[in-house]
Amino acid sequence: MAIKVIAQRRELKIGNKPGKRFIMRPELYSPIQEKKVFAEAATHSGISAGVIKAAWDAAGEVIRTWATEGHSVPLPGLGTMRFGVRSKAVENPEDVKTGLISVRRIIFTPNVDVKDELKNTSIQITCLDEDGKVLKRVTSGDSGDIEDPDQPSNGGNTGGNTGGNTGGGGHSNEPIGD
């Protein structure tokens, strides 16, 4: 299994170096229907899909309640979830107000198993020109580093947009026209 990424040449008109650049984005997968998730979980667990759905709905209610009360909530088998905010900084306490908050955020921190799975999953990049013509395909050869929102020194986001348009060191060229 691999994560599929598209790098398409686009005209950039902003920034220090306007011009044509290859911009990466994940290939969009079709969404999986909730019903299929419960059916698959039922197959793996031997518990009926209806019971799994009822339990999941109840767990979701508890997670929402605790998270909006300010808790970091464990999502068993996945990691933890908490809410946060992005805001402007001010020097004086009298300047602190809700208008400084620019966005409310949901912060998910995956557990070690999920991080390892992502780290060990290859990335396949399809390089396209402006018209969508395939120029080449590359399979990842990067270190598999995982961004950790709780560890800014590990590439976590400390403000602004999160990455996603940054490239990596994929080297293993595949033939075009498979």
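Two strands count as paired if DSSP finds at least two bridges between them, and the strands themselves are DSSP runs of E with at least two residues, just as helices are runs of H or I with at least four, all numbered from the N terminus. Okay, with that out of the way: this is a predicted model, so to speak of local features I need pLDDT of at least 70, and side-chain atom pairs count only at pLDDT 80 or more, while totals for chains, interfaces and linings use all residues. Residues are numbered from 1 along each chain as its sequence is written, and side-chain values use heavy atoms, with hydrogens and water left out.

Let's start with the sheet. It's an open one, three strands in the order S3-S4-S5, with antiparallel pairing. S3 (73-75) and S5 (101-110) sit at the edges, each pairing on one side only. From one strand to the next, the twist averages 35 degrees, taking angles from 0 to 180 degrees between N-to-C directions, with axes fitted to C-alpha atoms, for helices over the stretch in contact.

S3 and S4 are joined by three bridges, and Val73 stands opposite Met81 in S4. These two strands make a hairpin with three residues between them, and in the turn Gly77 has a positive phi of about 85 degrees.

S6 (residues 122-128) and S7 (residues 134-139) are antiparallel, with five bridges; Ile125 has Val138 as its bridge partner. This hairpin has five residues between the strands, and Gly132 takes a positive phi near 90 degrees.

Now the helices. H1 (residues 34-45) packs on H2 (residues 49-68) at about 115 degrees, axes 8 Å apart. So H1 and H2 are roughly perpendicular to each other; that label covers 65 to 115 degrees, with under 35 roughly parallel, over 145 roughly antiparallel and the rest oblique.

Last stop, a pocket: on a 1 Å grid over the protein atoms alone, that's an open set of points where a 1.4 Å probe fits, with protein on both sides within 12 Å along at least five of seven lines, and lining residues have an atom within 4 Å of a point. Which residues line the second largest pocket? Met1, Ala2, Ile3, Tyr29, Glu117, Leu118 and Thr121. Strand S1 (2-12) and helix H3 (112-119) are the elements giving two or more residues to that lining.
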